[in-house]
Amino acid sequence: MPTNPSSGATITGIGAQLAGVSGVSDFWCALRSANPGVRRLRETEFEGLAAPLGARVSRRRPVKLLPGLESRFADAYGDDILLTMAAAEQARTDAGLTSEKVDPQRIGVLASSSRGPLQWWDDQPDTAERGPGRAAALVSLPGAPASLYAVYAGLRGPVATLSSACVGGHQAVGWAADLLAANVVDAMIVVGHEFPLVPGLMRTYEALGVLSGQIDRPEEALRPYSSDRDGFVLGEGAVALTLERAGDVRRRGAESYATVLGQRSENEAAHATSMDPSGRSMAGLVRRLFEGTGVAADNLSYVCGHASATGINDVAECRCLGMLYEGRPHASRPPLGGNKPVFGHTLGASGVVNAAACALMIRHQELAPTRIVGTIDPECAHDHVSEGPRRTRVRSTLSLSFALGSQSSALLLGEPA
């Protein structure tokens with residue numbers, strides 16, 4: 001990826017459909033207030049789960065957010081597909097990216113999701129007698145939301161969906177930036193989506209022992225960096241970004257949230273379901289990212305952690321920073337935070353959630369707080385901006401992600417060129 005800011009990718013639009021959030025303004029308000037969207041799931045379908053907690057999207061059938069979508073198509077699409085399409089359309093609209101300004105042949109869509117839209121598959125026992133229907137072959141595909149959005153919006157550039165668990169969002173942003181740098185496209189919509197929360201999915205994570213059991217205190221259940229953290233809470237939703245070249249954005253008189261300085265992902269080739277607990281692997285990845293982009297560790301204003309509130313993850317992140325800033329007191333290191341207490345763990349969408357959060361912090365020159373519950377783990381002692389939003393100079397941010405399959409990734413964003 002080129003480091004020349006005039007030719008690099010810049011984020012010009014943001015869309016979001018998350019727990020308690022519809023659109024970029026809602027997203028920023030939820031982020032800076034650190035107001036948790038986690039609730040106890042009391043629907044019958046969740047009975048029998050050991051920890052029926054989740055951050056769910058209350059808005060359903062968002063057809064008003066998709067003007068011009070024919071009812072025959074809307075009726076065939078599940079809420080998971082419609083909400084993902086709505087987030088992508090919000091990002092395109094926020095960027096002011098109309099067909100008159102950019103040739104649709106030069107706009108593509110890249111998505112990230114750990115499993116794709118699950119609603120059709122979860123509904124199968126109820127539809128066994130009447131059969132799957134004509135649309136089933138399409139809406140059951142992992143890549144259906146990206147493809148159907150491109151059809152809806154008339155975008156004829158490249159369309160693809162990554163399934164790399166929690167690092168897929170970073171990878172999609174990096175791939176989109178590469179396509180822009182290579183002049184294959186003039187704009188890309190990147191969307192991370194994870195829908196819906198269904199009992200079968202939740203049981204798979206219960207079996208791993210990574211879900212919080214704080215069912216009597218749902219708003220405090222996801223507590224990253226705290227001594228008594230006991231796991232994460234799953235969230236559902238979609239977040240989308242519009243990426244364009246900085247020079248093109250200036251020529252059409254648009255504004256940018258942030259510049260994509262670089263992205264790197266690696267496989268640690270270690271434990272299949274856990275990252276290197278020492279933090280060395282991630283520290284090495286980040287150093288290689290710095291070297292490849294020319295960004296110095298001292299220039300970082302904020303680190304947006306994976307912050308999954310699992311025992312190893314939180315400590316590994318803090319050990320990584322300890323190696324990057326070895327010998328320096330915590331006060332001289334960039335703050336470390338996370339947004340999962342607000343939106344839940346959105347798996348394949350989480351990297352895009354982090355990217356949107358960092359872009360907004362750069363736009364507003366304000367760091368969003370991390371919701372800290374209880375006492376901070378001594379190994380995670382850090383500046384977490386836990387006192388509330390902090391006005392400060394935000395020059396560049398680093399987002400970290402870890403994924404099942406021994407994968408890790410990092411994404412660097414900077415101020416608009």
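This is a predicted model: local features need pLDDT of at least 70, side-chain atom pairs count only at pLDDT 80 or more; totals for chains, interfaces and linings use all residues.
Start with the cores. In general, nonpolar side chains in soluble globular proteins tend to be buried together. Here the largest nonpolar core has 49 residues. Phe27 and Leu243 have the most contacts inside it. Helix α14, residues 350–364, gives the most to this core, with ten residues. A second, separate core has 34 residues, including Ala74, Met85, Ala88 and Val191.

Now look around Leu243. Neighbours within four places in sequence are set aside here. Its contacts then include Ala9, Thr10 and Ile11. Val173, Ala176, Ala177 and Leu180 are also in contact with Leu243.

Turn next to helices α3 (residues 79–95) and α7 (residues 144–153). Their axes come within 9 Å and cross at roughly 50 degrees. The crossing of α3 past α7 is right-handed. From α3, the contact uses Ile81, Thr84, Met85, Ala88, Glu89 and Arg92. From α7 come Ala144, Pro145, Leu148, Tyr149, Tyr152 and Ala153. By type, the contact residues are nine nonpolar, one polar and two charged.

Finally, stay with α7. The helix is mostly covered, with seven of its ten residues buried. These are Ala144, Pro145, Ala146, Leu148, Tyr149, Ala150 and Ala153. They pack against α3, α6 (136–139) and the strands β5 (107–112), β6 (159–162) and β7 (187–194). Glycine 154 follows α7, and its phi is positive, near 70 degrees.

Terms used:
Residues are numbered from 1 along each chain as its sequence is written. Side-chain values use heavy atoms; hydrogens and water are left out. A nonpolar core is a set of buried Ala, Val, Leu, Ile, Met, Phe, Trp, Tyr and Cys residues joined through side-chain atoms within 4.5 Å. Buried means under 20% relative accessible area, exposed over 50%, partly exposed in between (1.4 Å probe, protein chains only). Helices (H or I, at least four residues) and strands (E, at least two) are DSSP runs, numbered from the N terminus. Contact means heavy atoms within 4.5 Å. Axes are lines fitted to C-alpha atoms, for helices over the stretch in contact, and angles run from 0 to 180 degrees between N-to-C directions. A crossing is left-handed if the near helix is turned anticlockwise from the far one by less than a right angle, and right-handed if clockwise. Ala, Val, Leu, Ile, Met, Phe, Trp, Tyr, Cys and Pro count as nonpolar, Asp, Glu, Lys and Arg as charged, and the others, Gly among them, as polar.
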